[in-house]
Amino acid sequence: MVTMGKKTQEMISMQEKKLHENFLFRNILPEEGEAAAEVERICFPPHEACTKEMMLERVKRAPELFLVAIDKHTGKMAGFLNGLSTEETAFRDEFFTDASLYRPEGRNIMLLGLDVLPEYRGQGLAREIVRQYMRRERENGRRMAFLTCLEGKVGMYGKMGFCDNGIADSNWGEEEWHEMYYVLNA
């Protein structure tokens, strides 16, 4: 069993190395708001996607709470994760529409979207974006990260270390969402 664990770890390390060879992970730049809005438009149905105006506002107010993956070969934004920091401990729909809820010193992060373009899926990119984002926010002293997701994504986020808190109060896009949380610093 130890050998299998070691092989699995080696496989994960090789996958991470390949991702870092192919993608640059960094904060979003002010001029990339339009690109982020386009990625969001492609990744989410219209009733769930953030508006272009709201995405531009998030980029303006909290660029340090975006982590983008840039394809090193094309310069294209392949995906990103974004959120707003707060002292609140429950997700509410207003986080999607009101960037003024952002509190730079907030100990918690409300994650607003994990987006990976279809042509970049299946490579572990979403998992690597989340892993790096959580490491960064742990180092920044954040306590918890929260998100909402549809039933079909609960397992995926569970594999990334999130715990399901059950059905959320959110009805964003007139859908039933699960609220999930990730402990960064106890």
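Predicted model: local features only at pLDDT ≥ 70, side-chain atom pairs only at ≥ 80, totals over all residues.
Let's begin with helix H2 and helix H3, which cover residues 33–43 and residues 52–61. They pack at an angle of about 135°, and their axes lie 9 Å apart. That angle makes H2 oblique to H3, and their crossing is right-handed. Here is who takes part in the contact:

| Helix | Residues in the contact |
|---|---|
| H2 | Gly33, Glu34, Ala36, Ala37 and Glu40 |
| H3 | Lys52, Met55, Leu56 and Val59 |

Sort the residues of this contact by type and you get five nonpolar, one polar and three charged.

Is Ala62 buried or exposed? With a relative accessible area of 0%, it falls under the 20% cut-off, so Ala62 is buried. Leaving aside residues up to four places away in sequence, Ala62 touches Gly83, Leu84 and Tyr102.

Now hop to Glu128: it is 66 residues from Ala62 in sequence, and the two C-alpha atoms are 21 Å apart in space. Glu128 is one of the buried residues of H5, a list that also includes Leu125, Ile129, Tyr133 and Arg136.

How far apart are the end C-alpha atoms of helix H5? H5 has 15 residues (residues 125–139), and at 1.5 Å a residue it should span 21 Å. Its end C-alpha atoms are 21 Å apart, so the model agrees with that expectation. After H5 comes Gly141, whose phi is positive, near 85°.

How values were computed: Residues numbered from 1 in each chain as written. Heavy atoms only, no water. Helix = DSSP H or I, 4+ residues; strand = E, 2+ residues; numbered from the N terminus. Expected span 1.5 Å × (residues − 1). Buried < 20%, exposed > 50% of the residue type's maximum accessible area, 1.4 Å probe, protein only. Axes fitted to C-alpha atoms, helices over the stretch in contact; angles between N-to-C directions. Parallel < 35°, antiparallel > 145°, perpendicular 65-115°, else oblique. Left-handed = near helix turned anticlockwise from the far one by under 90°. Contact = heavy atoms within 4.5 Å. Nonpolar A, V, L, I, M, F, W, Y, C, P; charged D, E, K, R; others polar.
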